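Please look over the sequence and the structure shown below before reading on. The report is meant for someone meeting them for the first time.

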Amino acid sequence: MLSFEPYGNPTYFALLGVALLPLMIGLLYGKRSRLYETLISIFFLVLTFGGPKWTQGVALIIYILYEVALTWGYAVYRKHQNSGPIFYLMVILAIIPLTIVKVTPAVENGQASLIGFLGVSYLTFRAVQTMMETRDGTLKDYQVMTFLQFMLFFPTISSGPIDRYRRFEADYRSVPDREKYLGMIQKGIRYIFVGFLYKFILAYYFGTMLMPKLQVMAMHSRGGFLDLSWPVLGYMYAYSADLFFDFAGYSLFAVGTSYIMGIATPMNFNQPWRSPNIKDFWNRWHITLSFWFRDFIYMRLVFWFMKHKVFKKPTTTANVTYIINMLVMGFWHGVTWYYITYGLFHGCALVINDTWLRYKKKHRASVPHNGFTQVFAIFLTANMVCFSFLIFSGMLDKLWFH
Amino acid sequence: MDIKETVLGILNDLTGNDVSGAMDDNLFDSGLMDSMGSVQLLLQLQGDLGINVPVSEFERSEWDTPNKIIAKVESLA
C-alpha cells in the first residue's frame with residue numbers, strides 16, 4: 001500500500017494537484033462541497049497514517065475520539081456551569097496523551113510511545129485552545145463536525161501551522177468570492193513553489209549535503225576547549241539554515257495548500273533573520289506556535305499572577321513568566337537536557353532583552369540609534385539564535401557524551 | 001469621567017508616554033505595548049471600568065491603536 005510523508009515527494013504533489021482540481025472548480029463557482037473535502041481529507045490521512053504506519057493511524061483515531069469527548073463534554077458542561085477545578089481537570093486530561101508521548105522516550109531509553117503519531121502535539125494545541133476559549137466564553141457554539149474538520153484538516157495536520165478554531169470556522173463556513181479566491185490560488189501556488197526552493201533545494205543542500213560532513217569533522221576535531229572547533233561553528237550555521245529552510249518550506253506547502261482550499265491558514269514565518277532582537281524574533285519564527293504560547297500560556301499566567309498579586313513588581317511577573325513559558329516550550333520539544341537548556345536560554349534571552357528595551361526607553365537620548373546599531377542588532381540576534389539552535393540540535397550532546 | 005479619558009489615562013500610565021497625540025499609531029509596532037502591557041490594560045479596565053475582557057477576546061489586531069482600544073472598550077461597556 002502507498003504511504004507518504006506529507007509533501008515528501010513528487011508523487012504526493014501530483015496526487016494533491018489531481019485531488020484539489022475539482023475542489024478549485026467548485027470554489028470558483030461559489031460552491032464548497034463538504035462531502036468532497038471530507039473524502040480527500042480521508043484519502044490523504046490514509047496515505048499518511050495507513051499502510052506500514054497503521055499503528056499510528058489507530059493511535060490517531062483513538063486520540064481524536066478522546067479529544068472530541070473532552071472538548072464536547074466541556075462545551076456542554078460550560079453552558080450551565082463554570083467551575084475552575086473542572087476546567088483545569090479537563091485541560092490536564094487533554095494534555096495527558098501528549099505528555100505520555102513526550103516522556104516515554106526519556107524513561108524508556110529512547111523508545112517511542114505506542115500512543116504517539118505524527119502531529120500529536122499540533123492536535124493537542126488545537127484541542128486545548130478550543131477548551132480555553134470555551135472557558136472564556138469567547139467560543140459559544142462548539143460543533144463536533146467543525147471541530148473534527150478543524151483537527152483533521154489534512155494540509156496542516158502533521159506539523160501545523162496551528163490555526164484557531166474560530167478563525168478556521170469562519171473560513172470553512174464561507175466561500176470566498178471569485179476575485180478573492182483567484183488571489184488565494186495565486187498566492188497558494190507561489191507559496192508552494194517557494195516551498196520547493198526552500199525544502200528540496202536549500203534544505204537538501206544544508207541538511208543532506210553539508211551537515212553530515214561537518215558533523216564528522218566536528219567529531220574528529222574534539223579535544224579542544226569544550227570540544228569546540230571551527231567545524232562545530234560551521235555545523236551551527238548549516239543546522240540553523242537547514243532547520244529554517246526545511247520547516248519554512250514545509251509551512252509554505254501547508255499554507256499554500258490551505259489557500260487553494262479557500263482556507264487562509266496563518267503564516268508561520270515572517271523573515272525571522274532580520275529581527276533586531278529576540279522578542280521580535282519570536283514574532284517572526286514559528287509564529288503560530290509562539291503566538292499559541294503567548295496567548296494561552298504567557299498572557300494567562302501573567303493575568304493570573306497579577307490578579308492574585310503574586311509578585312510585587314510587574315517586571316518580576318513578566319520575567320518569571322518568560323522563563324516558565326520558554327521552559328514549557330523546551331519540555332514540549334522533548335525531555336532531554338538540550339531541549340530544556342534551549343528553553344531556558346530563550347527565557348533568559350527574553351528577560352535580558354526586555355531589561356535592555358526598558359533601559360533604552362528611559363535613556364532614549366543617550367542610546368545611539370543608527371544604521372550601524374541596527375545592523376549590529378540584527379547580526380547579534382541572528383547569532384544568538386543560531387547558537388540556541390546548536391544547543392537544540394543535540395550536537396553538543398554528541399560531542400560531550402558520545 | 002468618560003471612557004475615552006479613562007482609557008487614555010490607563011494607556012499613558014502603562015506606556016509612560018502621552019499617546020493622545022498619536023491616536024492611530026500602532027502601539028505594538030512602536031514597542032510601547034507588549035503582551036505584558038496588554039494584560040495590565042485588561043486588568044485596569046476591569047478595575048477602573050468594571051469591564052471584563054477575557055484574554056482570548058484580546059485579538060491583537062483589534063487593540064493595537066489608542067483609537068481602536070477606545071472603540072473596543074466603548075463597545076463592551
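## Basis of the report

This is a predicted model, in which local features need pLDDT of at least 70 and side-chain atom pairs count only at pLDDT 80 or more, while totals for chains, interfaces and linings use all residues. Residues are numbered from 1 along each chain as its sequence is written, chains are lettered from A and ligands numbered from 1 in the order in which they are written, and side-chain values use heavy atoms, with hydrogens and water left out.

In chain A, the axes of helix 12 (residues 314-333) and helix 13 (residues 337-362) come within 7 Å and cross at roughly 155°. Helices here are DSSP runs of H or I with at least four residues, numbered from the N terminus, and axes are lines fitted to C-alpha atoms over the stretch in contact, with angles from 0 to 180 degrees between N-to-C directions. Helix 12 of chain A and helix 13 of chain A are therefore roughly antiparallel to each other, a term that applies to angles over 145 degrees. Contact means heavy atoms within 4.5 Å, and the residues of helix 12 of chain A that meet helix 13 of chain A include Tyr322(A), Ile323(A), Met326(A) and Leu327(A). By class, this contact of helix 12 with helix 13 of chain A has 12 nonpolar, seven polar and two charged residues; Ala, Val, Leu, Ile, Met, Phe, Trp, Tyr, Cys and Pro count as nonpolar, Asp, Glu, Lys and Arg as charged, and the others, Gly among them, as polar.

Helix 13 of chain A also packs with helix 14 (residues 371-393) of chain A, at an angle of about 160° and with the axes 8 Å apart. That makes helix 13 of chain A roughly antiparallel to helix 14 of chain A. Among the residues that make the contact are Tyr338(A) and Phe345(A) of helix 13 of chain A and Phe387(A) and Phe392(A) of helix 14 of chain A. The residues of this contact of helix 13 with helix 14 of chain A divide into nine nonpolar, three polar and no charged.

## Contact between the chains

The contact takes 20 residues from chain A and 19 residues from chain B. Between them, chain A and chain B bury about 1600 Å², 64% of it on carbon and sulfur atoms, where buried area is the accessible area (1.4 Å probe) that two parts lose on being put together, summed over both. In chain A, Met299(A), Phe303(A) and Lys361(A) lose the most area to chain B, together 36% of what that side buries.

## Salt bridges at Lys279(A)

A salt bridge is a side-chain nitrogen of Lys or Arg within 4 Å of a carboxyl oxygen of Asp or Glu, and the structure holds 15 of them over all chains. The side chains of Lys279(A) and Asp354(A) meet in one such bridge, at 2.7 Å from N to O. Lys279(A) lies in helix 10 (residues 278-282) of chain A and Asp354(A) in helix 13 of chain A, so the pair ties together parts that are 75 residues apart in sequence.

Between chain A and chain B the count is one salt bridge. The side chain of Lys279(A) also meets that of Asp34(B) in a salt bridge, at 2.7 Å from N to O.

## Two points of the backbone

The peptide bond from Gly160(A) to Pro161(A) is cis, with omega near 0°, and Pro161(A) lies in the loop between helix 6 (144-152) and helix 7 (165-172) of chain A. Asn109(A), a residue other than glycine, has a positive phi near 55° and is found in the loop between helix 4 (84-107) and helix 5 (120-136) of chain A.

Note on methods:
Helices (H or I, at least four residues) and strands (E, at least two) are DSSP runs, numbered from the N terminus. Angles under 35 degrees count as roughly parallel, over 145 as roughly antiparallel, 65 to 115 as roughly perpendicular and the rest as oblique.
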